[in-house]
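Here's a structure to walk through together. Have the sequence and the 3D view open as you read.

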Amino acid sequence: MRPSERLDRIPPYLFAGLEKKIAEKKAAGIDVISLGIGDPDTPTPPVVVEALQSAVNDPGTHQYPSNRGRPEFREAIARFYDRRFGVTLDPDTEVIPAIGAKECIFNLNLAFLDPGTAALAADPGYPVYTGGPLLVGAEPVLMPLLPEGGFAPDLDAIPEADRERARLMFLNYPNNPTGAVAPDGLFERAVEFAGANDILMVHDASYTETTYDGYVAPSFLETPGSKDVGVEVFSLSKGYNMTGWRTAAIVGNAEALEHYWRLKTNIDSGNFDAVQLAAVAALDRADSAVREMSIVYKRRRDLVCDALGEIGVDVEPPRGTIYVWAPVPEGYDSASYCEHVLEESAVVVSPGSAFGPNGEGFFRISLTVADERLAEAVERLRSRGQHDRGGPDLSYP
Ligand SMILES: *Cc1c(COP(=O)(O)O)cnc(C)c1O
């Protein structure tokens, strides 16, 4: 059997390798704590589960859904955007449901890229921003996100040739994996850049509802002119503990949505109607559950950041997302450190290099495990790391 050349262009999915190693350890009876994958550990809010239960009792939800989405869902997204961001959306032309942000982002590549064109992708960044372009025969052009730049891309540094072939740009704030929030002025510059270079701006809003310390994340669509040049992909996965439900929406530029929809009608058959109705309950009635989750993650974030601080690793506590992004200790690169941690402490953390070349030198800790387990993981890193170096003075593993 021979897979397609396009499939051979992409590196193996980051977590596939990790999952295999974890399974091996677990099979050997080792108590592995995984801080690798960002997947909320607490249940979906009851108000959402109950809405699904009653929706699924109605046979009217059992047939093929419309790819355009139920009016109730599109209207709920519009209500939410108005209430939460002060952004007005036309539910008929500016909202379409997606089977998760991942589907949506991948399909945007298919809808807007051809061989010879490119997508501007954050490095480090969510793997689909680079895998997507490769799979459709186009190129990802990496935009470094550096600590000294507040993990924002330097748009002025993008070469003329790349501006010309780029059709898409992916931004994501609050940011996975760095935990950074959107620096002042970035969205404004992005709107200008997209307009000047005829690029569709795609803002991945997977973490706008998960923020700390009083920080309230904006929608990209709050930026003047944004709707002329861009779309936003709003996911319910992380903020509402709904990763398994596969529900998101693409909102913004109506022409872009029309192309996306035309593509989608050829690929999938929409979101389960009952899930769309449950998402309405989430958007309308789960604010308090979402706030509750941010309190939980903030507590865990502080636990991790304090522990790292104690062993000499300075990390700025992130103001959003479910991740802590930390530098690896001297003597390691990202991969060797993560392997070391798995071998010595049976703790899984993600190597920064898996998110792009500029992730090298970092590792990512996910906050999606119970407090006790997280505390245990941090303690293991501390104690076994000391043991490993053979002395209490070299306290960081
Ligand atoms: C988790 C994540 C996604 C995927 O979200 P789904 O809606 O579950 O597909 C997309 N983008 C980023 C940045 C993520 O962290």
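Val47, Val48, Ala51, Leu52, Ala55 and Val56 on the H3 side touch Ala274, Val275, Leu277, Ala278, Ala281, Ala282 and Arg285 on the H11 side. Sorted by class, that contact comes out as twelve nonpolar residues, one charged residue and no polar ones. Keep in mind as you look around that this is a predicted model.

So how do the two helices sit against each other? Two packed helices are described by the angle between their axes and the distance between those axes. Here, H3 covers residues 46–56 and H11 covers residues 273–285. Their axes come within 8 Å and cross at roughly 150°. As for handedness, H3 passes H11 in a right-handed crossing.

Which residues are closest to the ligand? They are Asp204, Tyr207, Ser235, Ser237 and Lys238, out of 14 residues that surround the ligand.

The side chain of lysine 238 puts an N or O atom 3.1 Å from a ligand oxygen. With arginine 246, a side-chain N or O atom is 2.7 Å from an oxygen of the ligand. How much of the ligand does the protein bury? On its own the ligand exposes 390 Å², and the protein buries 93% of that.

Methods: Residues numbered from 1 in each chain as written. Predicted model: local features only at pLDDT ≥ 70, side-chain atom pairs only at ≥ 80, totals over all residues. Heavy atoms only, no water. Near = heavy atom within 4 Å. Polar contact = N/O pair within 3.5 Å; in protein donor to acceptor, adjacent residues only side chain to side chain. Areas by Shrake-Rupley, 256 points an atom, 1.4 Å probe, with all protein chains shown as cover. Axes fitted to C-alpha atoms, helices over the stretch in contact; angles between N-to-C directions. Helix = DSSP H or I, 4+ residues; strand = E, 2+ residues; numbered from the N terminus. Left-handed = near helix turned anticlockwise from the far one by under 90°. Contact = heavy atoms within 4.5 Å. Nonpolar A, V, L, I, M, F, W, Y, C, P; charged D, E, K, R; others polar.
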